[in-house]
Amino acid sequence: MAGDPRRWQIGLVGYGEVGRILAEDLRQQDIKVAAYDIKLGGEHGAPLKEHAAKFGVTLAASHAELTAKSDFIISAVTASQAVPVAKACAGAINQGTWFLDFNSASPGAKQRAAALIDGAAGRYVEGAVMTSVPPYRIKVPLLLGGPGARELEPLLNTIGFAAKVASDKLGVSSAVKMCRSIMIKGLEAMVIESFTTARAYGVEDAVLASLAETFPAIDWEKQGAYCFQRVIEHGRRRAEEVREVAETVREVGLTPWSAQGTAERQAWVADLADEGLFGIKGTKEFARSADWRTEADRILAKIKR
């Protein structure tokens, strides 16, 4: 494998929002990038193929094809697919190839994925993405974990990442991410539930004024719009992540009442988005309303029907 990470052949498993952002930032440095996504073979594959052509990303036909040709693999899929992707890649991974698990999965899931990759002579490192990727792009704060984390950290940072080692032990960085998500994804779900209910009763102005008095550092109008936007656009992925959060809570012996409720609310909004309640997916206007009331009114109209 090439020693200089700028000469790596990087393979992206998952070519969604995160995968495409990473591809763009890596290609800007003339780093070779290939990608595979299960959507490439379906009706949603056209935009992915157009993006790849625009940025010079090679598309692979399978996990195995991508893995066999890569010096460094990034798995950026939905949370439930973290272990299946590791299994799919393990069969073709070359000895010593780095495998960075970017997924929001529980510590237990990361450990199972690591066993598959390391057992096939790859080098597994878990990565916990600590905030939303789009504002930071490749510089998003990234916590690394596992025996190879300290060796991989400077290599990643050479090609633009903002990686920091959390622990040499697998599961620690994921635990940080999962516990944070109880709060962050929970807040999104609570904002949608609270603000939509307040809107139905006509008391939203009083509720926002009270929140501003208690938490003056937060612009609740802006936060409300952002929460609605993110859940409408990414509720399905978020629901899967929070189910992993719930599993993380179960792993220590607690019942994840909050996480379970958050997952259900996120998935519920995702179902409404799939039905077209918030507009046509893929258009510039989708999930971009600057006023959360627009989306709350759509939800309330749906409920009344």
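Buried, in this talk, means under 20% relative accessible area, exposed means over 50%, and partly exposed is in between, using a 1.4 Å probe and protein chains only.

Hello everyone, a word on what we are looking at. This is a predicted model, where local features need pLDDT of at least 70, side-chain atom pairs count only at pLDDT 80 or more, and totals for chains, interfaces and linings use all residues. Residues are numbered from 1 along each chain as its sequence is written, and side-chain values use heavy atoms, with hydrogens and water left out.

Let's start with the sheet. When I say helix or strand, I mean DSSP runs numbered from the N terminus: H or I with at least four residues for helices, E with at least two for strands. Two strands pair if DSSP finds at least two bridges between them. In general, strands of a sheet pair through backbone hydrogen bonds, either parallel or antiparallel. Here we have an open sheet of eight strands in the order 3-2-1-4-5-6-7-8, with mixed pairing. Which strands are the edge strands? They are strand 3 (58-59) and strand 8 (162-167), each pairing on one side only.

Now look at strand 4, residues 72-75. Strand 1 (residues 9-13) runs parallel to strand 4, and four bridges join the two. Within that pairing, Phe 72 is the bridge partner of Ile 10, and Leu 12 stands opposite Ile 74. Strand 4 is also joined by four bridges to strand 5 (residues 98-101), again in parallel. There, Ser 75 has Asp 101 as its bridge partner. To get from strand 4 to strand 5, the chain passes through helix 4 (residues 82-90), and this β-α-β crossover is right-handed. Right-handed means that, with the strands pointing away from the viewer, the path from the first strand over the helix to the second runs clockwise.

What about the side chains? In a regular strand they alternate between the two faces of the sheet. In strand 4, Phe 72 and Ile 74 point one way, Ile 73 and Ser 75 point the other way, and all are buried.

Helix 4 is worth a stop too, and Ala 86 is found there. Ala 86 counts as buried because its relative accessibility is 0%. Contact means heavy atoms within 4.5 Å. Leaving aside neighbours within four places in sequence, Ala 86 is in contact with Phe 99, Ala 113, Leu 116 and Ile 117.

On to the interior. A nonpolar core is a set of buried Ala, Val, Leu, Ile, Met, Phe, Trp, Tyr and Cys residues joined through side-chain atoms within 4.5 Å. The largest one has 53 residues, and Leu 100, Phe 102 and Phe 161 touch the most other members. Helix 1 (residues 17-27) gives the largest share of this core, five residues. Apart from it lies another core, of 19 residues, including Trp 220 and Leu 277. Back to Phe 102: beyond its neighbours within four places in sequence, its contacts include Val 18, Leu 22, Ile 74 and Phe 161.

Next, the aromatic rings. Rings of Phe, Tyr and Trp (its six-membered ring) pair if their centres lie within 6.5 Å; planes under 30 degrees apart count as stacked, over 60 as edge-to-face and the rest as tilted. How many aromatic pairs does this rule give? The count comes to six. One of these is stacked: Phe 99 and Tyr 124, at 5.9 Å centre to centre and 20° between the planes. Phe 99 sits in strand 5 and Tyr 124 in strand 6 (residues 123-129), 25 residues apart, and the pair links distant parts of the chain. Phe 99 is buried at 0%, and Tyr 124 is buried at 2%.

A tilted pair is formed by Phe 195 and Trp 292, with 5.0 Å centre to centre and 55° between the planes. Phe 195 lies in helix 8 (residues 172-201) and Trp 292 in helix 12 (residues 292-304), so the pair ties together parts that are 97 residues apart in sequence. Ring pairs also link Phe 195, Phe 228 and Trp 292 into a cluster.

Finally, a backbone detail. Ala 121 has a positive phi of about 75°, although it is not a glycine. Ala 121 is in the loop between helix 5 (107-119) and strand 6, and counts as partly exposed at 35% relative accessibility.
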